[in-house]
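I wanted to go through this chain with the coordinates open and write down what I looked up, entry by entry.

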Amino acid sequence: MNINEMAVMTNVWGWVDHGGFDMYLGGNDCGISLRQIHGQEYEPQSRELWCSLRGDGLMVDVGAHTGLYTLEAMSLGCRVISIEPYMLNYARLVMNIRKNGYSDSGVFYGAAGDKNGLASLGVNTTRSYCTSGGTIGEGREAFPVRMARLDSLIGEPVSAIKIDVEGGAAAVLRGASRILNDKPDI
């Protein structure tokens with residue numbers, strides 16, 4: 001079953017158990033929780049790798065979406081900086097973190113990139129679930145967003161970075177040259 005079929009079939013308003021933490025589903029607006037309800041794992045190999053990379057340093061979740069990777073790391077006792085530029089995903093991310101009893105002090109509302117300033121985010125206007133990123137046009141509208149270099153956001157050693165930014169990974173890495181000198185897992 002694909003995500004569009006799940007979205008049509010599902011109308012759950014409430015918390016979804018993700019095996020150790022909860023994430024909110026508002027009708028059918030989160031593809032991660034939709035998959036969970038329908039018995040389909042979301043990115044199992046990537047999540048297993050992410051959890052295996054935890055170390056003594058900070059973990060950075062760039063493109064945190066609604067918080068699956070962030071919550072998995074937090075549930076393992078890791079310190080996490082979460083970065084999310086899309087306002088709907090950011091609000092859900094904060095809500096999910098707070099529901100599970102964690103602090104949202106490490107959540108940044110904005111995009112990571114190769115400059116500090118304003119940028120345009122492509123927001124998908126044709127889907128019924130929370131999504132963003134990608135090229136503007138063809139069902140995506142420009143949305144202004146604050147952008148910051150990881151080097152200007154983070155002043156301590158980083159053990160691992162997850163980057164899920166819909167084609168913008170090179171810009172994120174260019175904005176993290178100092179952090180990359182410490183050779184975090186990416």
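The entries below follow the order in which I looked things up.

**Entry 1, the model.** I am working from a predicted model, and I keep that in mind for every value that I note here.

I began with helix 4, which spans residues 68-75, and asked how many of its residues are buried. Seven of the eight are buried, and I therefore noted the helix as mostly covered, given that buried means under 20% relative accessible area. The buried residues in helix 4 are L68, Y69, T70, L71, E72, A73 and M74. Going past the helix, I came to G77, which follows helix 4 and has a positive phi, near 90°.

Within helix 4 I stopped at E72, and I wanted to know which side chain makes a polar contact with the side chain of E72. The partner is the side chain of R47, and the contact is listed at 2.9 Å. I also looked up what E72 touches once residues up to four places away in sequence are set aside, and found F21, R47 and C51. The relative accessible area of E72 is 10%, and because the cut-off for buried is under 20%, E72 counts as buried.

I then turned to the surface, where M87, L88 and Y109 form a nonpolar patch with about 270 Å² of accessible area together. L88 belongs to helix 5, which covers residues 87-99.

E43 is not a glycine, yet its phi is positive, at about 45°. I found E43 in the loop between helix 2 (31-37) and helix 3 (44-52), and with 30% relative accessibility E43 counts as partly exposed. K183, also not a glycine, has a positive phi of about 55°. K183 sits in the segment after helix 8 (177-180), and its relative accessibility of 70% is over the 50% cut-off, so K183 counts as exposed.

Definitions and conventions:
Residues are numbered from 1 along each chain as its sequence is written. This is a predicted model: local features need pLDDT of at least 70, side-chain atom pairs count only at pLDDT 80 or more; totals for chains, interfaces and linings use all residues. Side-chain values use heavy atoms; hydrogens and water are left out. Buried means under 20% relative accessible area, exposed over 50%, partly exposed in between (1.4 Å probe, protein chains only). Helices (H or I, at least four residues) and strands (E, at least two) are DSSP runs, numbered from the N terminus. A polar contact is a pair of N or O atoms within 3.5 Å; within protein, one must be able to donate a hydrogen and the other to accept it, and residues adjacent in sequence count only if both atoms are side-chain atoms. Contact means heavy atoms within 4.5 Å. Patches are made of residues with over 30% relative accessible area and no salt bridge: like charges are joined within 9 Å, nonpolar side chains (Val, Leu, Ile, Met, Phe, Trp, Tyr) within 5 Å. Accessible areas come from the Shrake-Rupley method with a 1.4 Å probe; for residues, only the protein chains shown count as cover. A salt bridge is a side-chain nitrogen of Lys or Arg within 4 Å of a carboxyl oxygen of Asp or Glu.
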